[in-house]
Amino acid sequence: GNPFKIIIMIPITELQIGNRILYNGLEAIVYSITGAYPSKVERFNNKPTIDLVLGGLITATEDELEPIILTKEIFDKLDNFEYKYNAYWFEGVDFQDFKSNNEWVCFPLFDAIDAPLISSLHELQNIILFLRKKQIL
């Protein structure tokens with residue numbers, strides 16, 4: 001492989017059950033998250049662990065996971081998103097506190113200096129889960 005590959009680790013505090021992430025370059029789904037505990041297996045010793053669905057269940061540590069970077073192709077596969085005005089718009093959020101329905105939320109991929117605002121699929125999943133109380137995938 002490339003000796004200069006940059007690994008982007010996902011902090012365990014960002015993960016929720018159902019998040020889609022990469023493990024060894026393969027897409028996996030977070031099944032459970034466990035706090036740090038003593039283990040005879042050195043790679044798990046006193047580290048939080050994440051059980052992933054990848055064919056079967058496997059256990060990983062946060063430093064073995066990478067985010068799935070958001071692309072136009074990913075957004076195009078998701079329901080309730082529409083691309084307009086150089087941003088993706090999400091429809092169907094019920095803002096009960098504001099007494100209105102069928103609102104749209106904007107997810108620009110880049111801000112004024114072209115820095116990603118939301119760069120990974122698990123971040124987007126967490127925001128939509130918060131807004132809709134339901135996973136998007």
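Modeller: Strands here are DSSP runs of E, at least two residues long, and helices are runs of H or I with at least four, numbered from the N terminus. The model is predicted, so local features need pLDDT of at least 70 and side-chain atom pairs 80 or more, while totals for chains, interfaces and linings use all residues. Residues count from 1 along each chain as its sequence is written, and side-chain values use heavy atoms, leaving out hydrogens and water.

Let's zoom in on V53, which sits in strand β3. With 33% relative accessibility, V53 counts as partly exposed (buried is under 20%, exposed over 50%, using a 1.4 Å probe and protein chains only).

Now widen the view. β3 covers residues 49–54 and runs antiparallel to β4, joined by 6 bridges (pairing takes at least two DSSP bridges). One of the pairs is L54 with G56 of β4. Together, 5 strands make an open antiparallel sheet, ordered β4-β3-β2-β1-β5. At its edges, β4 (56–61) and β5 (65–66) each pair on one side only.

What about the inside? The largest nonpolar core has 12 residues, including I68, F75, F90 and L124 (buried Ala, Val, Leu, Ile, Met, Phe, Trp, Tyr and Cys, joined through side-chain atoms within 4.5 Å). α1 (72–77), β7 (87–95) and α2 (121–132) each give two or more residues to this core, and α2 has the largest share with 3. A second, separate core holds 11 residues, among them Y23, V30, L52 and L65.
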